[in-house]
Amino acid sequence: MKISHLLLKISLMAMIAVSLVLSWLIWTNNARFQRNTTDVTTPKTQTETKNVEEVYLPTQIITSNANGEQYIVYNNRENLIDAMHEQISKWQLSDPHKMTINSKKYLTTVNQSSALSLVYPRNITYSIFAKTFKQKVANADRQRLFNRIIIPTKHSNVAYFLDDQHKTGFSVKVKKENLAALRARLNDATMRLPVTEKLFNNQPQLYYTSAVQVTQYSYLVSKQNPTDFVTSLLSGSDPSALETKEQGHITTYNDGTYKSLQVDHQNATIEFEDYSSDVSAATPTAILNGGYKTLAKIGNAPGNMRYFDYEHKTRTVIYRSYVEGLPVFNQTDFGAVKVQLLSTGVKLNFSVYTLQVPLPADSTATPLPTTQTALDNLAAAGYDMHDISSFKLGYHWSVNSSSASVIDLTPTYYFKYNGKWQSYEQLLNTTPSTDEGSAS
């Protein structure tokens, strides 16, 4: 009896110790996860707290000094994007005015000295920006497109909104700005990587100009029960009352009307289709709003989810998880969440896994070569540079070898080759192909 009593005491002490360690990790690593710990509650609460401001924020901050040297910056103690958002939301922006820019002048504007750039991975509209940054916008300016905001840091009263895809832009007047507050936040950055922007296949791309070494992370992940999504997405239906079909590792639920939900147990993904109403959108603003509203239906979508891409041909909006300002790839075949808006309804694809608690990484990430060296290596391996439309630094999602509940996030380059995002290592280890890949 004494031995049993002793073992019980030891077990209780061990459980308390584990609880304290996990609590310490949550409080000390909250900035990396990019959301408040209070968000980790019920699906209903997460839906309420997850708003358009979180989803349609910029994902990169680039600064340049008086000599024109550029750096991408991040702070693992504070979310700099949130800090910029808080400051700029206090400003008054008005009077959008079209700029006259050619291709050569455009790159000069992008690379100007003494400036702060807030960059989106894809175009958004001025209306979405105005909602996110609490600005007023006239109806005539709602559909203006841009993917970067440039704010001169030595003089005030103006900001530039640029569209990399079409090399156009517009300027706005700025009042009540506080540039000193922005500079103070930027000076506290804990990561500062030298970069420059060049034209690649006639599109501005970010080049890392020295060997890249960013932090490697591991995360505890949670797996949502697929039946929870059956209940939330199929109008609160009881899964047992639905028409169910099993085929291999696929389970399909149908409510008998115009909605169905397919669970891929092997890949841990959900595909939801809703043809009960016409959700087609005629304007870019309506499309982005429609994508967000559909994303919010998931309920447990992580707070670090950001807008990543819009595919015009398929009317698809893609969102990805972001960690330390970098997108996470390989969570699913297509990205973290894909929303397709059709004239007949909507399709929604997403993973049942979400990142939860950041853990100390077991190893230090191997430094990556400069962007130009990586491109040269791909060219030497036989890849046609014209088949690469874009490239980004990101995190590769992989299951930890010692625990299925732990995900390793390894930094690497990702290239959009023949319409599909693939990692640098994956491309080097495969034979170049001219086949069109699926967009992701």
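**Close-up 1. Helix α10, a mostly covered helix.** Of the 13 residues in α10, 10 are buried, where buried means under 20% relative accessible area, exposed over 50% and partly exposed in between (1.4 Å probe, protein chains only). Look for T285, I287, L288, N289, G290, G291, Y292, T294, L295 and A296, the buried ones in this helix. The helix covers residues 284-296 and reaches 18 Å from its first C-alpha to its last, close to the 18 Å expected at 1.5 Å a residue; that expected span is 1.5 Å times one less than the number of residues. This is a predicted model, and local features need pLDDT of at least 70, side-chain atom pairs count only at pLDDT 80 or more, and totals for chains, interfaces and linings use all residues. Residues are numbered from 1 along each chain as its sequence is written, and side-chain values use heavy atoms, with hydrogens and water left out.

**Close-up 2. Helices α5 and α8, side by side in contact.** The axes of α5 (residues 80-88) and α8 (residues 179-187) come within 10 Å and cross at roughly 175°. The two helices are therefore roughly antiparallel to each other (angles over 145 degrees count as that). On the α5 side, the contact uses L80, A83, M84, E86 and Q87, and α8 brings A181, L182, R185 and L186; contact means heavy atoms within 4.5 Å. Sorted by type, these residues divide into 6 nonpolar, 1 polar and 2 charged.

**Close-up 3. S114 in its loop.** Here we're in the loop between α6 (103-110) and β4 (115-125). S114 has 10% relative accessibility, so it counts as buried. Leaving aside neighbours within four places in sequence, S114 is in contact with S64, N65, A66, P152, T153 and K154.

**Close-up 4. T251 in strand β12.** This strand takes in residues 250-254. T251 counts as buried because its relative accessibility is 1%. Once its neighbours within four places in sequence are set aside, T251 touches T244, K245, E246, L261, Q262, V263 and H265 by the contact rule. One of these partners, H265, sits 14 residues away along the chain, with 7.8 Å between the two C-alpha atoms.

**Stepping back. The whole protein, with its 12 helices and 23 strands.** Helices (H or I, at least four residues) and strands (E, at least two) are DSSP runs, numbered from the N terminus. Of the 440 residues, 51% are buried. Among contacts with a separation of 6 or more, 65% join residues 24 or more positions apart.

Key
Axes fitted to C-alpha atoms, helices over the stretch in contact; angles between N-to-C directions. Parallel < 35°, antiparallel > 145°, perpendicular 65-115°, else oblique. Nonpolar A, V, L, I, M, F, W, Y, C, P; charged D, E, K, R; others polar.
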